[in-house]
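This briefing sets out selected features of one protein model, grouped by topic. Please read the points below alongside the sequence and the coordinates.

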Amino acid sequence: MTATGAAWRNWGRTETSKPIRVERPDSAGAVQRAVSAAAGSGIPIKAVGASHSFSGIAVPVGVLLELDDLTGVIDVDAERGRVTLSAGTRLRDIPRLLAPHGLAMENLGDIDSQSIAGAVSTGTHGTGARFRGLTAQVVGATLVTGSGELLHVDDDENSDLLPAVRLGLGALGILVDVTVQCVPAFDLHALEKPVPLWDVLDTLESRVAETDHFEFYWFPHTETALTKSNTRMPADTARDPLNPVGRWIDDVFVSNGLLQAMCSVGKAIPRVIPPLNRTADKLTGNREFTDASHRVFTTQRSVRFKEMEYAIPAALVPDALREVKALIERKGWRISFPVEVRFAASDDIWLSTAYGRETGYIAVHRYAGEDPTEYFRAVEEIMRGFEGRPHWGKMHWRDAEGLRAVYERFDDFISVRDRLDPARLFRNPYLSRVLGE
């Protein structure tokens, strides 16, 4: 199915484009035909999932492929706990699809609107010092290359390509399916509470090491960290989920409705942001519950924002966050959105932000109606001083020259790109900047 004249924009409203045409393939063969047609016309082609990236990684400048009709489970290897999913399957649907098989994804981020292909192509991670991001859960994939070939990659077939294909940035081909290594279904015991920021930073190493999944938020202009500590439990442990009304008050009314109001008022009257943040500090956190893993990992996010996230060595997080805090105070900026800090285990995926090191993530945000440039660029300079790697799906200003210096296997990835897409059919301005031409 083809449509023309449609405008595209991402969720954070940081990128817009008007593709030449939009196609909605419903099979791998249809994707091959679309790629071959684009190649024959010399038009770039780009697959788009939920458009939840904040960077320009998914911007379609030629043909836009919407993969919403490529969804669902293709195959289940019950013995090995491996499940093959169509590329357009949304993360929010995967728990329901895995439930009949007693399986779950080992780790998830806190937003579940993305497609599985989009999430792994941008390096979505989650938190937990002993657990790797979503890309490390990928054990196989099928993609359409620049020549229109349907290429399967896993441990047994084209295994030399797996470290690149697991996190391919959309630069190697169009993913049509992804095989995920799952784990037996499990629950999470969640403990959320406010703690003095200085205490968290001074004890961060032990907090991260002793908790399965630890993260915290810090509202600028406050001295409190809102901590989240999640402990893995066997499935169907005596669950104690949040009361539906209480959950609605916390996750919908306070975390979204009240935050939306605070951001709107703060945009109009910036001087009220510090007292509003201190108010938010008192209204959030402080709860304990046990539920299925996906219901604890993910949260509802309806307030639009812009985001930049940097990965740095985990041990450097306290010093880096202190510098960000000092920067905001020195500049006199009024920042309404919190800073988020998470962690991940080292992996061996060539363009993973956690490649070869235990990693901490510092994410900064601004309300969608505000210009984040000055704030984000200044924070980026701090992160570069801490060996930082930017999240591929979030705003940053790095280019191929700078990124090559922080990714040991950068040129190996480029070699795979040369092999699978020598004509750069899957190009867009973002990929030209971060990978070079």
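In this predicted model, the side chains of Glu 307 and Lys 394 form a salt bridge, with an N to O distance of 3.0 Å. Glu 307 belongs to strand 18 (residues 305–313), whereas Lys 394 sits in the loop between strand 21 (389–390) and helix 12 (400–404), so the pair ties together parts that are 87 residues apart in sequence. Both Glu 307 and Lys 394 are buried.

**Salt bridges**

- The count of salt bridges in the model comes to 29.
- Side chains of opposite charge can pair when their charged atoms come close.
- Arg 404 and Asp 411 are joined by a salt bridge in which the closest N and O atoms are 2.9 Å apart.
- Arg 96 is exposed, at 56% relative accessible area, whereas Asp 93 is partly exposed, at 23%.

- Eight strands make up an open sheet with antiparallel pairing, in the order 17-14-16-15-19-20-18-21.
- Strand 17 (287–292) and strand 21 stand at the edges; each has a single partner strand, so one side of each is left without a neighbour in the sheet.
- Strand 18, which holds Glu 307, pairs with strand 20 (residues 359–367) in the antiparallel sense over nine bridges. Within this pairing, Ala 311 has Tyr 361 of strand 20 as its bridge partner.
- Helix 7 packs on the sheet and touches strand 17 and strand 20. The direction of helix 7 makes about 60° with that of strand 20.
- Helix 11 (residues 373–384) also packs on the sheet, where it touches strand 18, strand 19 (339–344) and strand 20. The direction of helix 11 makes about 5° with that of strand 18.

- A five-stranded open sheet has antiparallel pairing and the strand order 7-8-12-10-11.
- Its edge strands are strand 7 (73–77) and strand 11 (150–154), each of which pairs on one side only.
- From one strand to the next, the twist in this sheet averages 15°.
- Strand 10 (residues 138–144) and strand 12 (residues 174–181) run antiparallel and are joined by six bridges. In this pairing, Ala 141 stands opposite Val 178 of strand 12.

**Parallel pairings of strand 6**

- Strands of a sheet pair through backbone hydrogen bonds, either parallel or antiparallel.
- Strand 4 (residues 21–23) runs parallel to strand 6 (residues 63–66), and three bridges join them. Opposite Val 22 stands Leu 64 in strand 6.
- Strand 5 (residues 45–48) also pairs with strand 6 in the parallel sense, over four bridges. Here the bridge partner of Lys 46 is Leu 64 in strand 6.

**A nonpolar surface patch**

- Val 245, Trp 248, Ile 249 and Phe 253 make a nonpolar surface patch of about 420 Å².
- Val 245 is placed in helix 7 (residues 244–268), the helix that packs against strand 17 and strand 20.
- Val 245 is classed as exposed because its relative accessible area of 55% is over 50%.

- Ser 336 lies in the loop between helix 10 (317–331) and strand 19.
- Ser 336 is buried because its relative accessible area of 3% is under 20%.
- Setting aside neighbours within four places in sequence, Ser 336 is in contact with Phe 219, Cys 263, Ile 273, Asn 277, Tyr 367 and Glu 370.

Methods:
Residues are numbered from 1 along each chain as its sequence is written. This is a predicted model: local features need pLDDT of at least 70, side-chain atom pairs count only at pLDDT 80 or more; totals for chains, interfaces and linings use all residues. Side-chain values use heavy atoms; hydrogens and water are left out. Patches are made of residues with over 30% relative accessible area and no salt bridge: like charges are joined within 9 Å, nonpolar side chains (Val, Leu, Ile, Met, Phe, Trp, Tyr) within 5 Å. Accessible areas come from the Shrake-Rupley method with a 1.4 Å probe; for residues, only the protein chains shown count as cover. A salt bridge is a side-chain nitrogen of Lys or Arg within 4 Å of a carboxyl oxygen of Asp or Glu. Helices (H or I, at least four residues) and strands (E, at least two) are DSSP runs, numbered from the N terminus. Buried means under 20% relative accessible area, exposed over 50%, partly exposed in between (1.4 Å probe, protein chains only). Two strands pair if DSSP finds at least two bridges between them. Contact means heavy atoms within 4.5 Å. Axes are lines fitted to C-alpha atoms, for helices over the stretch in contact, and angles run from 0 to 180 degrees between N-to-C directions.
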